[in-house]
Amino acid sequence: MRFSRAFIPTMKESPADAEIPSHKLLIRAGFIRKKASGLYDILPLGVRVLHKIERIIREEMDRAGAQEVLLPIMHPAELWIESGRWDVYGKEMIKFKDRHERDYALGPTAEEMITDLVRKEVKSYKDLPLNLYQIGRKFRDEIRPRFGLMRAREFIMKDAYSFHVNDEDAEREYWNMYETYSRIFKRMGLEFKAVEADTGEIGGKFSHEFMVIADTGESKLVYCEKCGYAASTEKAAQRKPEVPENRESEFKECQKVHTPNVKRIEEVSEYLSVPPERILKLLVYIVDGEAVAVAVRGDREVEETKFKQVFRGKEVRLATDEEIEKFTGQPKGFLSPIGLSIPVYADYSVIPMVNFVAGAGEKDYHLQNVNWGRDFVVKEFIDVAEVRGGDSCPNCGAPLIEKRGIEVGHIFKLGTKYSEAMNATFVDENGVEKPMVMGCYGIGVTRVMAAAVEQNHDDDGIIWPYEIAPFHVIVIPVNVKKEEIRNTAEEIYETLQREGFDVIIDDRNARPGFKFKDADLIGIPFQVIVGKKASEGIVEIKVRKSGERFEVPVKEVVKKIR
Ligand code: ATP
Ligand code: MG
Ligand code: MG
Ligand code: MG
């Protein structure tokens, strides 16, 4: 590609409505232009990036056994009425009528369309499993389109849907897609996390969002570096401890033990020989006259504020000694507002299985082998994660790290929601008719482009990850009027092309400073600068990401870049 003939309208200033770097830079560097709210023209550089993103997706989806299809964007209302979503999807769906007054929608997602295709063609277990995907436009009339391609009203999505004979096979495919998505985003050179996500009305534990880590992301996530737990903050806040069955047979007698005056978590930790991050304090609160126990860690006041938020509108106060006595049925001093120290292993769900040391935070008021369920009762487990502000890992107790992220992908086990509603059945090997078990898997293709910029830029412009860069190399002759410079540049341009690189040559008759600025702004990973030393057969290579520059003989350019 020759810059002089390319349609790359770069700009000095960013538009007033662009708030975040990716939006500003994609416009300034000539990748996109706004048409109307949430609607964008994608220019040649943008299309090149999208094609690279799509190529990686196609290669990995095909390799994972999925097959590409292309369904209409115009969805007949009947299908959405059948699934029950025509009226509930809401205003995000763009609806219209054709000349015969029939209702249609511009597809925001395609479960109905794909289920309709598969139910007509697939009849037997022999035809399953099936994973079909498409890459195409989706329409959502977002309430607040913003951040350019990030939240648009028309965007490109890769959406895949899988069909299975049973839950087990749907789960196998779910993890197959999980691995595939991980490979896809890794190949794109993005820093991302797969986080446990809300499964909404469908329920179950099979939903992950793939988040590109970026400060400007609209989503929040938490993760644990120790055990790998990662969740969206909504999901983390929902996590409720499961209370196991009655385990009375495992209970032992409590013994009163002589203890030093343990009060602070650190002291309890030392006394119990349990790491501090595994110690929780059980506090007893009175909420509207009812006793509620809450496990907290760290500063009580901070935790208490959060706790009060959970029980907003209710009277919340710490229980008195007398109330604790009444509540636990234990003598005074057994528990006090200072708390009960609990070593927590693995998960909240094992709290009842642990023999605790309960303490009043006072000398000689500690009991060993105290058991939940027998010696004290938690009337109601409130949302511990929310009270704790999600600050420690529910799996291992290590501190959780909170970051912002951009949702670039989402995988979901759908179960039989659509197949039952739309009668997508098959006949199993015993001749029994059953609904297919489904999964769905989406990637926001245009959002990935914005997310990549959000994560990879500096003051001078975009820094494309090599795999999705519009060009790998830009050759910059500093002065096209000098024959030697021009010829050397042309020669390098041709060689690089022959070697399979995507190359653009900035053959414009312009000042070098102007060309360098554009090259930095557009963010091509390598710049080959051809200047005065061309006569000696020497050119300069600049690495966009590190800013590193070095001189190389013309003959070694290919070797250096590769
Ligand atoms: P969000 O939470 O950002 O609104 P979503 O959960 O509604 O996204 P999904 O229904 O899971 O989105 O769609 C799959 C993928 O499509 C998302 O993970 C995201 O990458 C992309 N996507 C969704 N809405 C938009 C949009 N308005 N503009 C660009 N990409 C989008
Ligand atoms: Mg949405
Ligand atoms: Mg979402
Ligand atoms: Mg989603």
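Lys34 sits opposite Tyr40 of strand S2. The model is predicted: local features need pLDDT of at least 70, side-chain atom pairs count only at pLDDT 80 or more, and totals for chains, interfaces and linings use all residues. Residues are numbered from 1 along each chain as its sequence is written, while chains are lettered from A and ligands numbered from 1 in the order in which they are written.

Strands S1 (residues 32-36) and S2 (residues 39-42) pair antiparallel over four bridges. Pairing requires that DSSP finds at least two bridges between two strands. Strands (E, at least two residues) and helices (H or I, at least four) are DSSP runs, numbered from the N terminus. S1 and S2 make a hairpin with two residues between them. In the turn, Gly38 has a positive phi of about 75°.

Strands of a sheet pair through backbone hydrogen bonds, either parallel or antiparallel. Here, an open sheet of three strands runs in the order S4-S6-S5, with antiparallel pairing. S4 (74-76) and S5 (94-97) are at the edges, each with a single partner strand, so one side of each has no neighbour in the sheet. On average, neighbouring strands of this sheet are turned by 35° against each other, direction ignored.

S4 is joined to S6 (residues 103-106) by three bridges. One residue pair can be named: Pro76 has Tyr104 in S6 as its bridge partner.

## Packing of H2 on H12

Helix H2 (residues 44-63) packs with helix H12 (residues 445-455) at about 110°, their axes 10 Å apart. Axes are lines fitted to C-alpha atoms, for helices over the stretch in contact, and angles run from 0 to 180 degrees between N-to-C directions. H2 and H12 are therefore roughly perpendicular, a term for angles of 65 to 115 degrees.

From H2, Gly46, Val49, Leu50, Ile53 and Glu54 meet Val445, Thr446, Val448 and Met449 of H12. Contact means C-beta atoms, placed from the backbone, within 7 Å. By class, this contact of H2 with H12 has six nonpolar, two polar and one charged residues. Nonpolar covers Ala, Val, Leu, Ile, Met, Phe, Trp, Tyr, Cys and Pro; charged covers Asp, Glu, Lys and Arg; the others, Gly among them, are polar.

## The shell around ligand 1

Ligand 1 is surrounded by 15 residues, a residue being near if its C-beta atom, placed from the backbone, lies within 6 Å. The closest are Phe155, His410, Gly442, Gly444 and Arg447.

Strands S8 (154-164), S20 (401-415) and S23 (437-444), along with H12, each supply at least two shell residues. S20 gives the most, with four residues. By class, the shell has four nonpolar, six polar and five charged residues.

How values were computed: Angles under 35 degrees count as roughly parallel, over 145 as roughly antiparallel, 65 to 115 as roughly perpendicular and the rest as oblique. Two residues are in contact if their C-beta atoms, placed from the backbone, lie within 7 Å.
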